[in-house]
Amino acid sequence: MDEGQSPDQSENNINDINVLEFYHLIRWNLAVHTPTMPRLAPWLTELRALGTLAVPLAATQLAQMAMVTTDLVMIGRLGETPLAAAALGATLWGFGWLVGHGPAAAVAPVVAQMVGVRPWDKVQARACVRMGLWAVAMLVPPLALFFAVAEPLLRFTGQSPALAALAAPYVHALACGLPFECGFMVLRSFATALSRPHVPLYFVLAMIAVNLLGNYVLVFGHGGAPALGLVGSGIASAIANALSFFAMLAVVLTAPALRSYRLCRHHLRPDWARLKELLGLGLSIGLAMVFEVMLFSAATLMMGRLGTAPLAAHQIALNVPSITSMVPLGIGMAATIRVGLAAGAHNRTRVRRAGLTAMALGGAVMIVFALGIALFARTIAALYLPATPDTAETGALTALFLRVAAAFQLFDGIQVIGANALRGLKDVRLPMLLASGAYWLVG
């Protein structure tokens, strides 16, 4: 007992000490016996950051697929033959789009790593976007020549001359929108790398409305316009792509968060090293996607040799998993940015955490999609084709194909996210080699 303290005061001090010791004992036990929460905290933080990017990106991908779905639904009202021709035309169009998409997609990981290393350096980011647009401009002329010979190419693969002749003008109309769609992707990658994925979403949603109205007017000839059928659908898509590019360009030049990069400054000045990097990365990205998508396109060409009903059913069944795959693709694009930022900051732990979090989230989502497709296959098929005696065979085949598609949902989602996560490290060669082996040696 200290001098000058009464026995009651001394007893109170001892109780205070005991309470303090008891408090620290409880904290120590919690730290030792419940280590889960502190370990989960960075993973939950990463999940929130990933979700902030992934939700608008996945919504943007779904909105873009909504344009394709709108075309199919509108064309399906014309009958099985136009729908089958659209399937063939979309096959050729998809190849050209993938090649042009590669350099545009490469902009995102390159800018993300720049931001991770030097967030204040806007000159290099500006040069990257500028060279991305240059790369798109360089690829458009040879792709235009490819689309120009659409009809002979389709006949060469054994397609019906009548279907090939119907599909070729559709491809030509779609091709008019290719430079704008790829340019939009470059600007979208730039905005996404700066963690502003909501901006492109608004324009893609507007594109759906423009495309829907264009299809309604040009396909069926409403409002005094000529009924152009399949070609009208392609023209509507090209107009929507052109409007989206110019609207996105206006935003990146005027929005306060983006205009500081002054993208139009020195727009004719070359940066050969950056252009070489984007073309190299873009070629590998584009080829990896070509290996995957063109396997399904080759299956479409095979179906075309079996008849109109199998081809139409295959196209519908292929469109549904294409829609669901937009969600893991959006998650994967978010993973590209998260991994790229961590790689730029030279933080290996964050790199690993970002990739694994994205794959876990995508896997959970794809399991839900697989169950939905398997359980409601006939209902989904009825959304595309009216239930009539003439479409009974196509509807039955579509339901069967959809159940097959449900079986690969989980695996497709995880591989898409994994490949996109590796893009954040600028590792694109190994995914390309894996895709070529898996899809074209095994598939």
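This is a predicted model: local features need pLDDT of at least 70, side-chain atom pairs count only at pLDDT 80 or more; totals for chains, interfaces and linings use all residues.

What share of the contacts in the chain with a separation of 6 or more comes from residues 24 or more positions apart?

A: Of the contacts in the chain with a separation of 6 or more, 83% are between residues 24 or more positions apart. The chain contains 18 helices and zero strands. Its C-alpha trace spans about 110 × 55 × 50 Å along the principal axes. Of its 443 residues, 48% count as buried.

Now for the charged side chains. The chain carries 28 positive and 19 negative ones, and the centres of these two sets are 14 Å apart. With a salt bridge taken as a Lys or Arg side-chain nitrogen within 4 Å of an Asp or Glu carboxyl oxygen, the count is four.

Let us zoom in on a group of three residues: Arg-274, Glu-277 and Lys-426 are linked in a network of salt bridges. Glu-277 takes part in two of the pairings described here, so we can follow them one at a time. With Arg-274, the N to O distance is 2.7 Å. In general, an α-helix has 3.6 residues a turn, so residues three or four places apart point the same way. Arg-274 has a relative accessibility of 17%, and because buried means under 20%, this residue counts as buried.

The other pairing joins Glu-277 to Lys-426, at 2.8 Å from N to O. This pair links distant parts of the chain: Glu-277 belongs to helix 11, while Lys-426 lies in the loop between helix 17 (409-423) and helix 18 (429-442), 149 residues apart. Lys-426 has a relative accessible area of 29%, so it is partly exposed.

For another example, look at helix 5 (residues 150-156), where Arg-155 and Glu-151 lie four residues apart, about one turn of the helix. Their side chains form a salt bridge with an N to O distance of 3.1 Å. Arg-155 is partly exposed at 44% relative accessibility, and Glu-151 is also partly exposed, at 26%.

Technical notes. Residues are numbered from 1 along each chain as its sequence is written. Side-chain values use heavy atoms; hydrogens and water are left out. Helices (H or I, at least four residues) and strands (E, at least two) are DSSP runs, numbered from the N terminus. Buried means under 20% relative accessible area, exposed over 50%, partly exposed in between (1.4 Å probe, protein chains only). Contact means heavy atoms within 4.5 Å. Lys and Arg count as positive and Asp and Glu as negative; His and the chain ends are not counted. The place of a charge is taken as NZ of Lys, CZ of Arg, CG of Asp or CD of Glu.
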